[in-house]
Each structure stands twice: as structure tokens, then as C-alpha cells.
Amino acid sequence: MNKVIAIDGPSGAGKSTIARLLADELGYQYLDTGALYRAVALSLLRCGLNEVSTDSEVIAALEKTKVSFRNGTVFLNHKDVSQEIRAPEASHYASVFSARRAVREFLLDIQREALHHASLVAEGRDMTTVVFPYASGKFYLDASAEERARRRALELKAKGYDVDEEKMLFDILERDARDSGRDIAPLRKTEDAMLIDSTGLSVEDVFRQILAIIREGKV
């Protein structure tokens, strides 16, 4: 039977990097659920939708949307959009549209279906609470807002984007409030999830800490 390691946490905490490393080490597949939400956001944006679009408009657009994720590559309507979804606009609207019930229901089966094909390391906002509440290992990866804003700014600068670091911090705090305050599947730590604070730690430090917990059977 396939297993799943589930990692939740706020934007910029390092979930994607750690999940990839764990998947490689454990021989699991990496499920980047944030990428799925960004792909849906990209599709809805291309349909002309935004924050004030109605639920019926969102549902109609989703009927024209096909999203899949295999081995680190994200496909939207059969086209690789792995680069396009990393733009700041796609990231912002992924959080906006993820508050819509129709979007979450649209992606729920897609995420769970991935477990039929392989054991997974899955990261996102509701992996431990909604998508994989039965995960064999649960982690909540966090870091200070300032640290997460700095990491995100460095990532975007490396890709050639102009970044206002003060605005980046504001956006991080705004997204935290939106993700944790939404009515549907809010971001939260479950009682059985292991809290890992990555503030001031290297990627290697966090990776080794989580890997040790998994191998020692503490989760």
C-alpha cells in the first residue's frame, strides 16, 4: 500500500524544497499541490476571472480546465506550464481562488488520485487536515514572516523579477491572513503534526531534522 508524508505550512516556509529532497531520499513521488492551485489560477485568469467573479463563473471556467502533475511537471490543458505558474500574479491568485469551494473540490480528487500511482511526499496548506488526514507522517513547516519574505524575494530576483521587499512582506502577511482565515480548509497545524520552525536554519538542517524524525518513527 502506498504511503504519504504530508507537509503543511505558510507561503515561503520552504515546503517545496524540503518535499522534493524527502521524495528523492525516500524514493517517493513529490506532489506540489501549490503548483496545482497556481495552474488553476492561471486557467481562471486566462478566462478573465478575478476576485469579484461569481461562483457560477468559476465553475464554468473549471469545466474547461484540465490540470495534472507528474514527476515535477505541471500540465494545464495538456501543456507544460511549470514556468508560467511561478509568476507573482499566479501565486497571488492561487491564494485568492483557493478560498472558493469549487476550486478546492475540483483539485481534491486530482490530489488523492496521485496516491494510487506511488507513495507521495505532499505539501500544501491542507494536506494534513483535509487531503491526506491519514498520512503516515505529518509535518507543519513554519518560519518568521520576515524570513519567508526574504526567501521569496531572493527566489524572484534570481528569476529576473523586480522585487519590492517591503511589499513582499506585506503580501506574505496578507496571504497568511487569507489562508488561515478562510472558511474552507483553513491553514492550521493539526495536533498530530510535528512543528518544524525553519527560521535561521539551512535547507540541509531542516531536511536532516525531518528525515531523522521519519526514520526514527516519531510520526
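Helix α2 gives the most to the lining of the largest cavity, with four residues. The structure is a predicted model, in which local features need pLDDT of at least 70 and side-chain atom pairs count only at pLDDT 80 or more, while totals for chains, interfaces and linings use all residues. Residues are numbered from 1 along each chain as its sequence is written, and side-chain values use heavy atoms, with hydrogens and water left out. Helices (H or I, at least four residues) and strands (E, at least two) are DSSP runs numbered from the N terminus.

Cavities and pockets were located on a 1 Å grid over the protein atoms alone: a cavity is a set of points where a 1.4 Å probe fits but cannot get out, a pocket is an open set with protein on both sides within 12 Å along at least five of seven lines, and lining residues have an atom within 4 Å of a point. Grid points are joined across faces, edges and corners, and a volume is the space filled by probe spheres set on the points. Two cavities of 30 Å³ or more are found in this way.

The largest cavity holds about 120 Å³ of space. Its lining comprises 15 residues, and Thr33, Gly34, Tyr37, Arg125 and Arg175 are the closest to the centre. Besides α2, the elements that give two or more residues to this lining are α4 (88–97) and α8 (165–181). By class, there are seven charged, five polar and three nonpolar residues here (Ala, Val, Leu, Ile, Met, Phe, Trp, Tyr, Cys and Pro count as nonpolar, Asp, Glu, Lys and Arg as charged, and the others, Gly among them, as polar).

The second largest cavity has a volume of about 40 Å³. Gln29, Tyr30, Leu31, Phe69, Arg70, Ala114 and Leu120 line this space. Strands β2 (29–32) and β3 (67–70) are the elements that give two or more residues to the lining, and β2 gives the most, with three. Five of the lining residues are nonpolar, one is polar and one is charged.

Turning to the open spaces, the largest pocket contains about 740 Å³. Of its 35 lining residues, Gly14, Lys15, Ser16, Thr17 and Glu155 lie nearest the centre. Two or more residues each come from α1 (15–26), β2, α2, α7 (145–158) and α9 (203–215). The lining of this pocket divides into 13 charged, 12 polar and 10 nonpolar residues.

Helices α4, α7 and α8 each supply at least two residues of the lining, and α8 gives the most, with seven. Eight charged, six nonpolar and three polar residues make up this lining.

What remains is the packed interior. A nonpolar core is a set of buried Ala, Val, Leu, Ile, Met, Phe, Trp, Tyr and Cys residues joined through side-chain atoms within 4.5 Å, where buried means under 20% relative accessible area, exposed over 50% and partly exposed in between (1.4 Å probe, protein chains only). The largest such core has 53 residues, and Leu22, Leu44 and Phe132 have the most contacts inside it. Helix α2 (residues 33–46) provides the largest share of this core, eight residues. Leaving aside neighbours within four places in sequence, Leu44 is in contact with Leu49, Val58, Ala61, Leu62, Phe97 and Val103 (contact means heavy atoms within 4.5 Å). A second, separate core has seven residues, including Ala145, Val163, Met168 and Ile172.
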